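Welcome, and please open the model in your viewer.

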Amino acid sequence: MIEKPRGRPLTAEQMKQVPHVIARPKAQYAWAAGVAMSHFLEGLKQGKILGRGCKRCRRVLVPPRMFCERCFRSTDGWVELPGTGVIETFSISYIDTDANRIQDPIFVGVLAFDGAPPHCGIMHYFGEVTADEIHIGMPVEPVWKPEGERVGAITDIKYFRPRRDA
Amino acid sequence: MSKRDVAVIGVGYTSFNSLTPEVNWKELMFEAAQKAYQDAGIDPRKDVDSFITCAEDFWEGFSIFDEFTPDQLGAVLRPMHTVTGDGLLGLANAYMQIKTGLFDIVVVEAHSKISELLTYEDVVQLAFDPIYEAPLSGDVHPYYVAGLEMRAYLEATGTTEEQCAAVVVQHKRAAFFNPVAEFEAQLEIDDVMGSGYAFDPLKRLEIAPRADGSIVFVLAGGEIARRLRGCPVYLEGIGWSSESPWIAARSPYAEYAQRAAQRAYEMAGIQNPRREIDLAEVDDQFAFKALQHLEALGLARPGEAGPRMREGAFGPEGEMAVNRSGGSLGCGHLLEASGLARALEIVLQLRGEAGTRQIKDARVGVAQSWRGVPHGTGAVAVFSRRD
Amino acid sequence: MDLSKRRKDVAIVGAGMTLFSRRLLETGKEMSFEAAKMALDQAGLSLHDIDAVIVGSAPDAFDGVHKKGEWLLDGAGGVHKPYMRVFTGGGTAVFAPIAGWWHVASGLFERVLVICEEKMSSCQPHAQSAFAHIWDPILDRPLKPNLVWIFSMEMQRYMHKYNVRYEDIALVAVKNKRNAVGHPCAQLADPDITLEDVLNSEPMALPVRRLDISPPSDGASAVVLVSEDVAYDLVDEPVWIAGVGWCIDSTMWTNRDLAFPKFVAKAAKMAYEMAGIKNPKEEIDLAEPYDPFDYKELQHLEALGLAEPGEAAILTREGKTQRDGELPVCPSGGLLGVGNPIAATLGIKVGELFWQLSGQAGPRQVPGDPAVGVAQAWGDLMQFSSVIVLRRHS
Amino acid sequence: MTFTEKLQKTTEPKHWLGDMEVDHFCYTAGLAGERFFMALRDQGMILGARCASCQITYVPPRVYCERCFAELGEDSLVDVGLRGRVKSFTVARLSKAGHPLKEPQIFAIIELGKGTGFLHKLGGLSPEDVRVGLEVEAVFLPKGQRQGRITDIEHFRPVAR
């Protein structure tokens with residue numbers, strides 16, 4: 001039985017009045033990309049989507065990894081994918097990363113790559129598409145940054161847009 | 001308590017390196033895991049009932065690091081969780097799970113990828129109380145707390161600075177015989193004493209350098225272990241305990257280790273640790289900690305570990321082998337994996353697989369961990385060979 | 001081999017929680033103490049009686065303290081005791097008591113205290129800022145994601161695959177915010193909320209709107225677990241932990257079909273097997289599935305085997321999941337109504353089941369003298385679930 | 001390494017820079033902190049909280065006894081005075097970056113009113129003159145500059161003989 005729960009609620013204003021400490025954390029990292037992601041990022045720089053094949057389960061893993069998490073064995077070789085795919089799911093976002101409201105919504109979602117197993121892809125932005133036309137199953141293709149601007153990052157792809165030819 | 005016993009059926013580990021730029025944390029863990037499963041002769045996708053990783057978010061740079069652990073251990077769509085503590089705390093959970101009888105084989109992983117953290121000192125300071133402790137130190141290195149604790153220990157026990165320096169000499173020499181250790185060195189006490197005060201009375205060379213690495217243990221119920229390995233190493237007892245988290249409110253005797261040892265010994269049926277234990281691996285993130293911990297484990301009386309260390313009683317020719325692995329001073333401090341590194345050495349020694357540093361007739365060993373500045377939490381595990 | 005004889009049965013004999021609020025004056029340590037004290041008082045135990053403490057808390061990046069388990073230690077009663085923190089993201093709320101269960105079931109400890117704490121208001125300007133770091137640094141973070149995105153993408157996929165209408169999903173928010181009116185700790189209870197309020201609330205990341213989301217909160221909760229050897233000394237009718245289960249799916253969340261949470265189903269299977277439950281729909285009297293977003297309650301009910309995939313929305317529309325319905329779901333008011341201090345939702349999941357099964361839920365009491373309940377939490381990158389089945393024997 | 005291929009050139013491994021920061025953290029001092037810091041700021045007083053049954057005085061105060069969980073309310077507050085004894089100290093010589101500090105800083109655990117130790121800095125003396133057992137007293141910022149923070153105490157200095 002909860003009789004009188006404790007806790008002294010504060011308004012945002014009160015929080016500034018009560019004794020408190022403000023501090024800015026400093027937590028910076030240089031993560032090693034590792035074997036698989038170093039290749040993948042190099043591929044992006046060259047305008048390629050690279051996957052890694054597992055002979056046992058016959059999957060092409062993308063994003064690639066050096067081991068297959070289902071079979072628990074080393075993967076076997078590199079596979080270049082066409083880069084096209086279909087929208088697996090999407091969102092139309094009116095908030096940014098810090099939950100600030102934004103006027104022009106971000107179209108974002110997960111696509112499944114052609115040439116990979118079902119539901120196998122990455123998250124990215126969608127562009128050149130309206131809220132009315134975007135749908136699950138929509139065929140899409142990558143829009144790459146110009147070669148000289150690519151640095152080996154997921155943002156070397158500007159976004160995926162509907163494949164008008166499909 | 002249930003009568004089922006618990007044994008180690010496999011260990012796997014990478015080498016311990018100051019940098020590992022060629023692999024990410026997943027690939028590092030995969031290597032240790034695959035070696036452990038080979039060693040145990042099991043298939044993680046079928047044979048393991050529960051997986052545990054030991055990690056802290058800010059060491060890794062992820063708000064929820066638990067997300068990034070299952071694939072490389074073979075734990076996808078299986079029971080798995082994170083312990084935010086060192087590897088021995090992971091072993092404790094595995095031990096309890098096996099004791100319930102519902103879990104037969106449990107995997108414990110701990111690792112360090114600390115070379116990727118560029119602001120290590122700031123993150124250590126982020127573990128201080130944000131109201132009363134952190135605002136005091138500004139740009140001062142947070143390891144000053146180790147200086148405070150070392151002074152309190154020296155005052156309380158009469159241990160000398162030279163005796164602490166002897167720990168560095170011995171552990172870094174031991175590391176020559178450990179192929180996975182990276183911080184071996186041929187030093188004399190004068191070298192350590194002359195290395196300069198960092199946080200008086202703590203000297204620069206008395207601080208363990210950091211290293212990357214991953215260690216995986218596979219534990220099983222005794223009846224399974226005997227079937228798979230014949231004569232496994234048993235986890236006979238495990239204890240863990242905490243003192244106050246307030247920096248200024250702790251004892252100079254590492255009471256956390258005393259209490260943890262008490263429990264572990266009780267479970268293992270050890271009444272006279274000095275007589276019954278053949279080798280010890282204790283936490284030595286700072287040289288004096290090794291002495292303080294040896295005393296807390298009852299392997300020396302308060303104030304006695306220092307002189308005995310200096311005489312060589314814990315060395316290769318001594319009466320009890322201590323940190324033959326090289327400890328954190330010799331292997332590098334592996335953050336949450338340091339406890340498992342201590343336990344790993346015990347297992348290898350008890351199996352007779354310790355190569356050129358092998359101790360003769362080792363039957364009972366104890367491993368101990370401490371969670372580091374600014375905290376007072378530690379664990380103790382007792383292992384044995386029963387043949 | 002008959003393994004069941006090896007373990008001790010484990011009972012819950014006390015629970016406690018603080019207010020859930022957008023901001024609390026109390027430090028995380030103080031909140032932990034307040035919740036723990038309430039749970040101990042209810043169990044008639046003092047801190048000296050407690051053999052070990054288990055703490056659950058989600059990201060350190062909320063409270064802003066590295067190794068926050070260590071920092072919380074004195075407020076959680078862990079001084080000079082074996083003290084353990086476990087962490088499975090949002091799943092911690094139901095996972096910490098599972099860890100408590102094995103502390104006792106193993107026979108190592110007789111009486112343990114389980115405490116979950118979260119102080120999200122420390123993280124400024126918004127708790128969302130900490131969630132920016134749950135993503136893969138190379139693949140996801142450069143896209144500057146917001147946590148709501150994953151929910152929105154999952155919800156979209158769920159609606160698409162099982163033909164679920166948004167109007168039915170929104171009814172979950174209405175139900176839970178109304179249920180929370182009976183909860184003294186609630187942050188967002190609203191007796192007058194209507195379906196239109198939810199449907200017309202501000203778009204966040206469509207299809208998710210503001211009222212589909214539970215609010216970030218400060219708060220703490222606690223439960224006391226004891227072994228069969230001492231349970232009857234403390235209470236006449238203990239509430240037993242009959243089953244526990246947990247499961248994690250692959251980190252590679254963009255390689256999974258997000259429509260159905262397989263990991264929840266696997267965790268449930270593990271817990272049901274241990275509890276001897278063969279037909280959950282028949283045998284379970286009430287459920288506290290994790291509801292950080294309204295559609296998650298539905299997805300979780302389906303994975304818990306309490307509805308067929310796509311059917312939970314229909315049960316909701318028909319009123320069957322109301323407090324007086326066939327299967328009361330989130331009678332506490334859930335995260336949507338009481339608040340979402342991530343791990344601390346222990347109090348409205350396992351805590352609520354304890355109060356319901358022991359007839360102490362007051363104005364929230366579900367009718368019909370319930371005897372078996374299931375609580376579930378969910379966490380990580382749409383990836384982890386923990387499940388507990390509680391049972392009263394008589 | 002247990003993979004079928006590895007990186008073969010030192011230029012091949014890539015790394016990725018990032019952080020786990022937020023704009024800032026705002027830590028409330030809490031129930032006990034409110035009492036402690038008001039007294040510190042307004043009255044220049046250092047408070048502790050005494051658990052009568054465990055006979056422990058917590059400095060700074062907590063709202064609970066960490067041993068027995070007795071509630072330590074207003075009535076358990078005690079003024080522990082401004083003078084105490086150094087229980088331990090260190091001379092910190094390194095910055096976070098590992099560089100020698102221009103001015104080494106002395107940190108100490110100070111026993112105030114027979115309470116648990118209190119962590120702060122020492123000032124007004126050189127490192128050679130510190131020893132365990134030294135009597136010290138708190139030096140406060142001028143009243144107008146105090147903000148209700150632990151740094152309202154500038155440091156502790158030796159008590160003049």
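A salt bridge here is a side-chain nitrogen of Lys or Arg within 4 Å of a carboxyl oxygen of Asp or Glu. Keep that in mind for two of the stops below.

**Before you start**

This is a predicted model, in which local features need pLDDT of at least 70 and side-chain atom pairs count only at pLDDT 80 or more, while totals for chains, interfaces and linings use all residues. Residues are numbered from 1 along each chain as its sequence is written, chains are lettered from A and ligands numbered from 1 in the order in which they are written, and side-chain values use heavy atoms, with hydrogens and water left out.

For the model, ipTM is 0.97 and pTM is 0.98.

**Stop 1: chain D against chain B**

Select chains D and B together. Contact (heavy atoms within 4.5 Å) involves 42 residues from chain D and 45 residues from chain B. The buried area, meaning the accessible area (1.4 Å probe) that two parts lose on being put together, summed over both, is about 3900 Å², with 67% of it on carbon and sulfur atoms. Now pick D:Met20, D:Lys96 and D:Leu119: they supply 22% of the area that chain D buries against chain B, more than any other three residues.

How many salt bridges are there between chain D and chain B? The count is 2. To see a salt bridge here, show the side chains of D:Arg93 and B:Asp200, which meet at 2.7 Å, N to O. Next, highlight strand E6 (83-94) of chain D; helices (H or I, at least four residues) and strands (E, at least two) are DSSP runs, numbered from the N terminus. E6(D) gives 7 residues, the largest share of the side of chain D that touches chain B.

**Stop 2: chain B against chain C**

Move on to chains B and C, where 66 residues of chain B are in contact with 60 residues of chain C. Together they bury about 5500 Å², 61% of it on carbon and sulfur atoms. Select B:Glu67, B:Leu77 and B:Trp240, which supply 13% of the area that chain B buries against chain C, more than any other three residues.

Between chain B and chain C the count is again given in salt bridges: 2. Zoom in on B:Arg371 and C:Glu70, whose side chains meet in a salt bridge (3.0 Å, N to O). Then colour H4(B), the source of 7 residues and the largest share of the side of chain B that touches chain C.

**Stop 3: a serine in chain B**

Find B:Ser369, in strand E11 (residues 364-370) of chain B. Is B:Ser369 buried or exposed? Its relative accessible area is 2%, so B:Ser369 is buried; buried means under 20%, exposed over 50%, partly exposed in between (1.4 Å probe, protein chains only). Show B:Asp86 as well: the two side chains make a polar contact at 2.8 Å. A polar contact is a pair of N or O atoms within 3.5 Å; within protein, one must be able to donate a hydrogen and the other to accept it, and residues adjacent in sequence count only if both atoms are side-chain atoms. Leaving aside neighbours within four places in sequence, the contacts of B:Ser369 include B:Leu88, B:Asp283 and B:Thr377.
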